[in-house]
Amino acid sequence: MEYISSFIYCDSIQTEITPQGPKPQIVNPLQVLAPIAIPSNYSFAVACNLAGFNAEIENCVRLQFVSPSQQVIYDTSNINFKIPTEQLQAGKPAAMQFNLDLRNLVLRECGLYSTKVYFNSNPIGEYKIEVIVGE
């Protein structure tokens, strides 16, 4: 059964080139989103790792960022993916990391926002973060 093995809000995700290939680097994990005023435009990133799914078929994932008043601020729509057979390793569970860079989202209210994650149209997780007025 598919599940979310990790999820994080952060300032950005940079790609570091290593001898083993490119690796994502989380920059400044966030506990709150703190724009200087509300309403305001705000940029941040989300890293979400999915695992436990059937890698032999095409799957789809969808992420929505939702305001405290249940307004959908950002929606990826369905993202279809299939892991190439040559990348599957025997004995290891299938996993896929999605890095989402959200730029200049309009945050119209303070309060508890959430990112809802859907896998093959089924909700599998919701991650909340507070939006406050920063300095």
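**Pocket and aromatic rings**

The largest pocket has a volume of about 260 Å³. This is a predicted model, in which local features need pLDDT of at least 70, side-chain atom pairs count only at pLDDT 80 or more, and totals for chains, interfaces and linings use all residues. Residues are numbered from 1 along each chain as its sequence is written, and side-chain values use heavy atoms, with hydrogens and water left out.

Trainee: How many residues of the lining of the largest pocket are nonpolar, polar and charged?

Mentor: Happy to go through it! The lining includes I83, L88, K92 and M96. Ala, Val, Leu, Ile, Met, Phe, Trp, Tyr, Cys and Pro count as nonpolar, Asp, Glu, Lys and Arg as charged, and the others, Gly among them, as polar. The lining therefore divides into seven nonpolar, three polar and one charged.

Trainee: How do F7 and Y127 pair, and which strands do they lie in?

Mentor: Rings of Phe, Tyr and Trp (its six-membered ring) pair if their centres lie within 6.5 Å; planes under 30 degrees apart count as stacked, over 60 as edge-to-face and the rest as tilted. F7 and Y127 are 4.2 Å centre to centre with 10° between the planes, a stacked pair. Strands (E, at least two residues) are DSSP runs, numbered from the N terminus. The pair ties together parts 120 residues apart in sequence, because F7 lies in strand β1 and Y127 in strand β10.

Trainee: Is F7 buried or exposed?

Mentor: Buried means under 20% relative accessible area, exposed over 50%, partly exposed in between (1.4 Å probe, protein chains only). Y127, at 27%, counts as partly exposed. F7, at 16%, counts as buried.

Technical notes:
1 Å grid on protein atoms, 1.4 Å probe; cavity = no way out; pocket = protein on both sides within 12 Å on 5 of 7 lines; lining within 4 Å. Points joined across faces, edges and corners; volume = space filled by probe spheres on them. Helix = DSSP H or I, 4+ residues; strand = E, 2+ residues; numbered from the N terminus.
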